[in-house]
There are 2 protein chains.
Amino acid sequence: MMNQLRDHIERIVPLEDTEFETISSFFSYKKYKKHQFLIQEGELVPCNFFVLKGLLKLVYSDDTGKEHIVSFAQEDWWETDFAAFYTESRATMSLECVEDTEVLCLRLTDYRKLCAAVPQLEHFFLEKAYQGFIAAQQRIISTMTVGIKERYEQLLKKYPTLVQRVPKSLLAAYLGVSREALSRLSR
Amino acid sequence: MMNQLRDHIERIVPLEDTEFETISSFFSYKKYKKHQFLIQEGELVPCNFFVLKGLLKLVYSDDTGKEHIVSFAQEDWWETDFAAFYTESRATMSLECVEDTEVLCLRLTDYRKLCAAVPQLEHFFLEKAYQGFIAAQQRIISTMTVGIKERYEQLLKKYPTLVQRVPKSLLAAYLGVSREALSRLSR
């Protein structure tokens with residue numbers, strides 16, 4: 001499972017064996033069942049999670065208790081409540097398993113030690129942060145400019161395998177439409 | 001003007017005088033008039049811009065020619081079409097002056113040389129990228145969960161000075177409402 005992390009990092013920065021040994025010493029492996037929580041709203045955020053296998057949803061619940069899906073995370077994605085994680089404050093979102101999921105966990109103190117020990121990791125995380133920022137900005141533009149049908153089609157085109165494995169009710173909560181409205185679109 | 005950049009960077013990473021000399025050698029100063037373009041849609045993106053003074057709008061025009069404002073940038077903000085800048089592809093957005101604006105420009109090749117010459121700059125840009133990502137994610141959540149009136153109030157609370165200097169028609173194009181609907185809210 002550590003090889004999966006190494007392959008993932010080496011797509012951006014090459015690593016020596018000794019460097020990867022150092023890196024892997026900062027991660028811990030965990031396994032969760034479907035419906036288990038990795039982050040609970042209102043609690044401290046333990047880790048940034050690298051998904052080895054499975055599927056997560058990052059959820060924001062509004063004042064009425066309605067769930068809005070901020071993002072999904074599948075294999076080789078990083079997910080956490082980033083705002084709360086980096087500021088060591090309480091989560092405003094929850095992170096929950098949509099499928100049985102295996103992750104590698106990186107605590108904030110270990111993230112900092114890791115970047116100090118293997119400085120090129122900052123370059124890796126910088127690339128990931130840019131990708132995340134650009135994807136979020138594109139989602140904002142898409143929400144501002146195109147209708148639900150086109151947003152569904154963009155999602156299908158960008159993440160075909162993700163769309164297939166996500167239950168339709170969750171896809172609706174991501175797109176901000178009712179389950180029925182989504183059914184009409186995806187026929 | 002270089003002092004402004006130094007103060008800005010040193011809020012995140014401390015610098016030696018010689019390091020800052022290296023850094024400043026990679027930036028060039030430019031001055032633009034209100035309504036001038038820094039980035040034109042469909043063209044290559046020359047730089048990432050650090051705003052010394054003034055106000056910019058990053059605009060996405062939809063198929064009907066309607067303008068949507070993706071973000072504003074005022075003093076001490078960085079702005080560009082990040083997706084196009086980092087991939088050296090053609091801009092899908094335009095960047096235009098809302099006021100007379102002075103910027104420091106950083107080309108992509110110089111950005112790379114800069115990070116190689118002063119590695120702690122990667123840490124600085126990483127912090128900025130996280131801030132940008134978190135702000136974009138919060139905007140997505142806000143769009144999904146609250147009405148226009150609350151989004152306007154959140155904007156006022158978060159960026160009081162920005163909201164005051166931005167013409168109401170542009171604020172409406174940022175929030176995705178008509179000028180008239182915004183007038184009713186901001187009375």
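1. Over all chains, the structure holds 20 salt bridges, a salt bridge being a side-chain nitrogen of Lys or Arg within 4 Å of a carboxyl oxygen of Asp or Glu. Side chains of opposite charge can pair when their charged atoms come close. This is a predicted model, in which local features need pLDDT of at least 70 and side-chain atom pairs count only at pLDDT 80 or more, while totals for chains, interfaces and linings use all residues. Residues are numbered from 1 along each chain as its sequence is written, chains are lettered from A and ligands numbered from 1 in the order in which they are written, and side-chain values use heavy atoms, with hydrogens and water left out.

2. One of the salt bridges joins the side chains of A:R165 and A:E75, at 2.7 Å from N to O. The two residues belong to distant parts of the chain, 90 residues apart, with A:R165 in helix α7 (residues 160-165) of chain A and A:E75 in the loop between β5 (67-73) and β6 (78-79) of chain A; helices (H or I, at least four residues) and strands (E, at least two) are DSSP runs, numbered from the N terminus. A:R165 has a relative accessible area of 27% and is partly exposed, and A:E75, at 28%, is partly exposed as well. Here buried means under 20% relative accessible area, exposed over 50%, and partly exposed in between (1.4 Å probe, protein chains only).

3. A:K113 and A:D110 form another salt bridge, their closest N and O atoms being 3.9 Å apart. They are separated by about one helical turn, because they stand three residues apart in helix α4 (residues 108-117) of chain A. A:D110 is buried, at a relative accessible area of 17%. Also in chain A, a network of salt bridges links A:R6, A:E10 and A:D17.

4. In chain B, the side chains of B:E67 and B:K57 meet in a salt bridge at 3.5 Å, N to O. This pair, too, links distant parts of the chain, with B:E67 in strand β5 and B:K57 in strand β4, ten residues apart. B:E67 is partly exposed at 37% relative accessibility, whereas B:K57 is buried at 9%.

5. B:K57 is also among the contacts of B:S94, which include B:F37, B:I39 and B:V59 when neighbours within four places in sequence are left aside; contact means heavy atoms within 4.5 Å. B:S94 lies in strand β7 (residues 94-97) of chain B and counts as buried, with 9% relative accessibility.

6. Between the two chains, the contact takes 31 residues from chain B and 31 residues from chain A. Chain B and chain A bury about 2,900 Å² between them, 75% of it on carbon and sulfur atoms, where buried area is the accessible area (1.4 Å probe) that two parts lose on being put together, summed over both. In chain B, the residues that lose the most area to chain A are B:Y130, B:F133 and B:M144, together 21% of what that side buries.

7. How many salt bridges does the rule find across the interface of chain B and chain A? The rule finds zero salt bridges there. On the side of chain B that touches chain A, β4 (56-61), β5 (67-73), α3 (82-87), α5 (120-145) and α8 (168-175) each supply at least two residues, and the largest share, 18 residues, comes from α5(B).
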